[in-house]
Amino acid sequence: QVRLVESGGGLVQAGDSLRLSCAAPGRTTTRYSTGWFRQAPGKEREFVASISGSGHVTDYGDFVKGRFTISRDYAKNTVYLQMDSLKPEDTALYYCAAGSTSRSNGDYEYWGQGTQVTVSS
C-alpha cells in the first residue's frame, strides 16, 4: 500500500500560480509513475498530467496548453505540479495518483485525498 499526500492548494486570483506537491511518506516514489487529476463539483474526474517513473516521459491534458508543468524530486520522494496562469475554470479538487501514466483514472492503483484549488476571477 502506498499512501499519497497532496498539498499546496489554496485560494488564488486568476493569473496567479500555485505549486502542488504529492508526497509518499516513508516510501520511495522512484519506480512509480504518477499522475494528477482534478474534479470540479458536478463534473467527472479529469486527467491533468502524468510523469513516468524515470521522469523522462510526461503527458498533459489538452486543456493545459503549456500552463502546467509536472516534475519529480527523487531526493524528496515528491511529485510536483506547477500551475501558472490559473483560470477560474481550473477550480477543482486536485488528486495525485500512482501506478500509471495513463489518462484514464481507472488505471491508477493508489490515490491521495486531494487538495482544493480555487481560482477567483
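1. Four strands make up an open sheet with antiparallel pairing, in the order β1-β3-β8-β7. Its edge strands are β1 (5-7) and β7, each of which pairs on one side only. On average, neighbouring strands of this sheet are turned by 15° against each other, direction ignored. Strands here are DSSP runs (E, at least two residues), numbered from the N terminus, and two strands pair if DSSP finds at least two bridges between them. The angle is taken between axes, lines fitted to C-alpha atoms, and angles run from 0 to 180 degrees between N-to-C directions.

2. This is a predicted model, in which local features need pLDDT of at least 70 and side-chain atom pairs count only at pLDDT 80 or more, while totals for chains, interfaces and linings use all residues. Residues are numbered from 1 along each chain as its sequence is written, and side-chain values use heavy atoms, with hydrogens and water left out.

3. Within the sheet, six bridges hold the antiparallel pair β7 and β8. R72 stands opposite V79 in β8. The loop between β7 (68-73) and β8 (78-83) contains N77. N77 is not a glycine, yet its phi is positive, about 50°. Most residues other than glycine have a negative phi.

4. The loop between β8 and β9 holds S85. S85 also has a positive phi, near 50°, and is a residue other than glycine. Its relative accessibility is 41%, so S85 counts as partly exposed; the class lies between buried (under 20% relative accessible area) and exposed (over 50%), with a 1.4 Å probe and protein chains only.

5. D90 is placed in the loop between β8 and β9. D90 counts as buried because its relative accessibility is 0%. The side chains of D90 and R67 are joined by a polar contact of 2.7 Å. Such a contact is a pair of N or O atoms within 3.5 Å; within protein, one must be able to donate a hydrogen and the other to accept it, and residues adjacent in sequence count only if both atoms are side-chain atoms. Leaving aside residues up to four places away in sequence, D90 touches residues including S85, V117 and V119, where contact means heavy atoms within 4.5 Å.

6. V117 and V119 belong, with T115, to the covered face of strand β11 (residues 115-120), while Q116, T118 and S120 form the uncovered one. Strand β2 (residues 10-13) runs parallel to β11 and is joined to it by four bridges; L11 stands opposite T118. Strand β9 (residues 92-98) pairs with β11 in the antiparallel sense over three bridges, and Y94 stands opposite T115.
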